[in-house]
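Colleague: Could you take a close look at one part of this model for me, namely the contact between the two chains? I would like a connected account that goes from the overall figures down to individual residues.

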Amino acid sequence: MSGLVPDVVRNAIDLRSAYDNAETFGLVAVVMVLGLLVLAEALRVAGHDGGRVRAINAVAAPLLLAVLVMIAARLAALLP
Amino acid sequence: VTLLAEQAGRADALLFGLGALALLLALTSLLIRRARQSRERDPNALSRRRTWLLRLLTVRGRRRRAADGLRRSIVARRASPSLVAGYPMSPGRTEIAPVDLATVAAALLAVAGTEVVLALGYVLVGQIAAAVLVPLLLIGPRRGDASSRHRRERTASALRALALVPLARVIAIALPLPDFSAAAGGLIVAVLVAIAAIRLAPRIGVATASLFAYPQLLSPWAPLAGAVLGFAAWFSGAPALAHDGDAPRALVVAAAAACMLAVAEELVFRGVVQTALQRAAGRVGVLAASVVFPLLYLGFESVPLVLTMAIAGLLFADVVMRTGSMGAAITGHVLLGAGASVVWPLVLGSPSRFDVPEPALDAVLGAGVVLATLFLLRGRGAGLVVRRRKPKPVVEAEVTGEPAGALARILRIRNDRLIQNSAALMLTSTATSGLGFIFWTIAANRYPASEVGRASAFMAGANLLAILAQLNLSAVLIRFLPRSGHRTRELVQRSYTVTVCLALVLALAFQVLHLGHDYLGGSPALQGLFVAAVVLILVSALQDSLLTGMRQAPAVLLINLVFAAVRIVLLLVLVFVTLPAGAIVIAWLTPAALGAAAVGVYVFRVAIPRHATASDGDAALPPRRRLFSFIAAEYAKSILTTAAGLTLPLIIAASLGLAEAAYFMFPWLISTALGMLLFSVSTSFVVEAGFEGERAGRIFKRAMWLGLIAVVGGTIVQVVGAPFVLGIMGPDYAREGTDLMRLLGLALPFTAISAIYITFAWMEQRMWRLVSLEAINAVTLLGSAPFLLAEFGLTGIGWAYLGSQMIMGLGSIIPVARRLRSRANHAVAWQNAHLPAQPDRLPAGV
């Protein structure tokens, strides 16, 4: 029992197929990672203060890990 | 990507393609940064790159980075005289930094709105909203002029902290949860969210080290609240991660997930969000963080659960604010999560069988939320701060040439009588219980259940009489022997004479009245053995106390270990030779007889003369009247304890039969042993504080930690390990005793609270208070046990015991809290109240 994975989330994920989940929830996360990484680079190039960039990088790392888990899980499902 | 699209479908192709792109971009970013550092020829770039992996992978690295940031911050702000941990704070009070409250409030509303959208079932919309919110919050407010820089930094910190909440949502929703079990999925989500919190914390000014700082102020309330609220959450319909019949591996994953999820939530909400908001808006900020926390639970569609978590959030927030440490709150949340998701579902199954009207539950929990809110608003404290490491004291050992550091600590422990004796007492309790468990396990596997039940009832009866006969002089001897001087032999001889005579009288009366007819069966041999058993148990207990009182606790450990081992060997020998009636009893008593003789010779020939010589012949026993009052109170207490504890097997043997008594005995034995562990800590603290009065405060703190470890370990062993432990003795024992053992385990935290109170009463020499406490326990337990036994069988005994311990524990909370608050004063009082070693500090009349 944790508020991080409430029933409503679990049910929504369970009710869809793996492909549907990848095309919706997975896609949002991957696009978000890309957006954050692009944003961090843009801020760095624009010469903004390092605090923002470091904060974005700090958040992007676990998201990247999440994407890796997603890819690994799908790979495991694809492999015979 | 094209190949994948053909082979596996466009969803996987899209996922792989975008994932690869993200990784490529991250790698490019790193390479660019590295190249830039090299171009700038930063002399420290190489060393920083070397530690990058370490910093990413190890807590130590993260701590070092946080420390670096802190150091830079301190250098930059050295001008501020009230600087604490790089932030302008004064002790006990947060100085609120200027902040754009409208922006923070808007961010709070946006985060809350996202949670509401999710709770309404629009998961994709909620996730997209969260994904949009994260970068917006991370970017923070626009740049202003130089005068508003401080305000902008504080606002940015608050917004970045809030970004963790939608981030956690995006991660949790995006992960392929259907591929995992609920527990494994939760574990992965928790690890990733915890990583995010730990990485983001330094970016908002919370050093990573402070998230894992050791609690400086002992706060038992959060763990206690967590345990109670765990039950409330289970009752409110919290989903379970473990179910009866799950494989052991699944149970381990479920327990790990419950704990890790709790840790992650604490890191996010109390560690990062609360700290940032407290700096922005003081106590109102703490309250705002506590409001966001239960919103996460809206998705469970259970009002009682949301209210329960709101209470938990408010209480944990208060603890973090007051103690400046996450330790107690994390412990409390872990107990809550583990209780709601693992322990209670395993022990009690589904709460649906309890028909409680939901409006009533909502009203009670709503009142709890109001009270907790008031409690929080009354609280004071600066919240989570980085505690600077204390400068290393100049160790005496360095001056005298002794080795410093860990080795010195070990050497000091080896030479510290206090720790030796305390450890010996604890080990004696643990080892004899463990070996006793092995003894009875062998007996259960080799002998029929009726024979095991007969032996257990026999030993319980003999123990009961021995305890009645010894007048609890064991405790009295421990207390007065250190000051008995040349009167030691006289004191010991009189104790022996009086108690042995009384034991003989009681044992004979027991048989004349045919009280043990069920298990003695009219056999003259067993009757004779019974009389011998009473005397031997009595003498063994007295000898243990004699040696403990003369500070020879290691000898007690050695003796008990040897005789327990001999007992086991003898039992095995008797199994292979023959299976006579009463073989288990013979195996138990023979080493006790040999031991009593050998130790008796040692005590009278060696220990007593040595003790009298060491005390220079001075005797300072209390006046006879005070001594008798002490003995009377101790005796009354022991009778009540015995009545409450040892009468139960007799009741079961009489009402359910000998086999049921055997099924009861093992959970009871284990529970008693774990309870004794607690009282060993208490006893060793009392004895050693008596000898080392000046160090009573420090010893107390250590004793509390030891006790906490014993409680947590003992509860887990009994609740989670019940079927496995009892399964060792056979499937019948596991089937009949698992529920009972779990209920006994759940009573252990409450026993711990009353043990603390008992310790205080001992120290303050208010023995008659203990008598009243034990009377309440005995009346509750023995009054309810027969009814519950008739209704629920053996499990009813567990309910009766849990109920009596809850009453004792909850009744002790207020006096314990009062004393914990004024612990420093009590340490002085204890020091003055204790008898041994310091005649000039004895209270008047002693």
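Predicted model: local features only at pLDDT ≥ 70, side-chain atom pairs only at ≥ 80, totals over all residues.

Modeller: On the side of chain B that touches chain A, the elements giving two or more residues are α2 (10-39), α5 (101-119), α6 (123-139), α7 (149-174), α8 (182-200), α11 (248-295), α12 (303-323) and α13 (327-348) of chain B. Among these, α2(B) supplies the largest share, 17 residues. Sorted by class, this side of chain B has 57 nonpolar, nine polar and 12 charged residues.

The contact as a whole takes 78 residues from chain B and 59 residues from chain A. The area buried between chain B and chain A is about 6,000 Å², and carbon and sulfur atoms give 75% of it.

Chain A has three helices and zero strands, follows the pattern α-α-α along its sequence, and has 57% of its 80 residues counted as buried. Chain B has 32 helices and two strands, and buried residues make up 54% of its 846 residues. Of the contacts in chain B with a separation of 6 or more, 79% are accounted for by residues 24 or more positions apart.

R52(A) has its place in helix α3 (residues 50-78) of chain A, and its side chain reaches the backbone oxygen of I139(B) at 2.6 Å. R52(A) counts as buried because its relative accessible area is 5%, which is under 20%. R10(A), for its part, is placed in helix α1 (residues 7-15) of chain A, and with a relative accessible area of 15% R10(A) is also buried. Leaving aside neighbours within four places in sequence, R10(A) is in contact with V5(A) and, from chain B, with L177(B), P178(B), F180(B), S181(B) and A182(B).

The nonpolar cores complete the picture. In the largest one, which has 133 residues, W440(B) and I584(B) touch the most other members. Leaving aside neighbours within four places in sequence, W440(B) is in contact with V452(B), A455(B), S456(B), M459(B), I584(B), W588(B), M665(B), F666(B) and L669(B). A second, separate core of 124 residues includes residues from both chains, among them V8(A), V59(A), Y297(B) and V319(B).

One further residue of chain B is worth checking when you inspect the backbone. E301(B) lies in the loop between α11 and α12 of chain B, and its phi is near 55°, a positive value in a residue other than glycine. E301(B) counts as exposed because its relative accessibility is 65%, which is over 50%.

Definitions and conventions: Residues numbered from 1 in each chain as written. Chains lettered and ligands numbered in written order. Heavy atoms only, no water. Contact = heavy atoms within 4.5 Å. Buried area = accessible area lost by both parts, 1.4 Å probe. Helix = DSSP H or I, 4+ residues; strand = E, 2+ residues; numbered from the N terminus. Nonpolar A, V, L, I, M, F, W, Y, C, P; charged D, E, K, R; others polar. Buried < 20%, exposed > 50% of the residue type's maximum accessible area, 1.4 Å probe, protein only. Core = buried A, V, L, I, M, F, W, Y, C linked by side-chain atoms within 4.5 Å. Polar contact = N/O pair within 3.5 Å; in protein donor to acceptor, adjacent residues only side chain to side chain.
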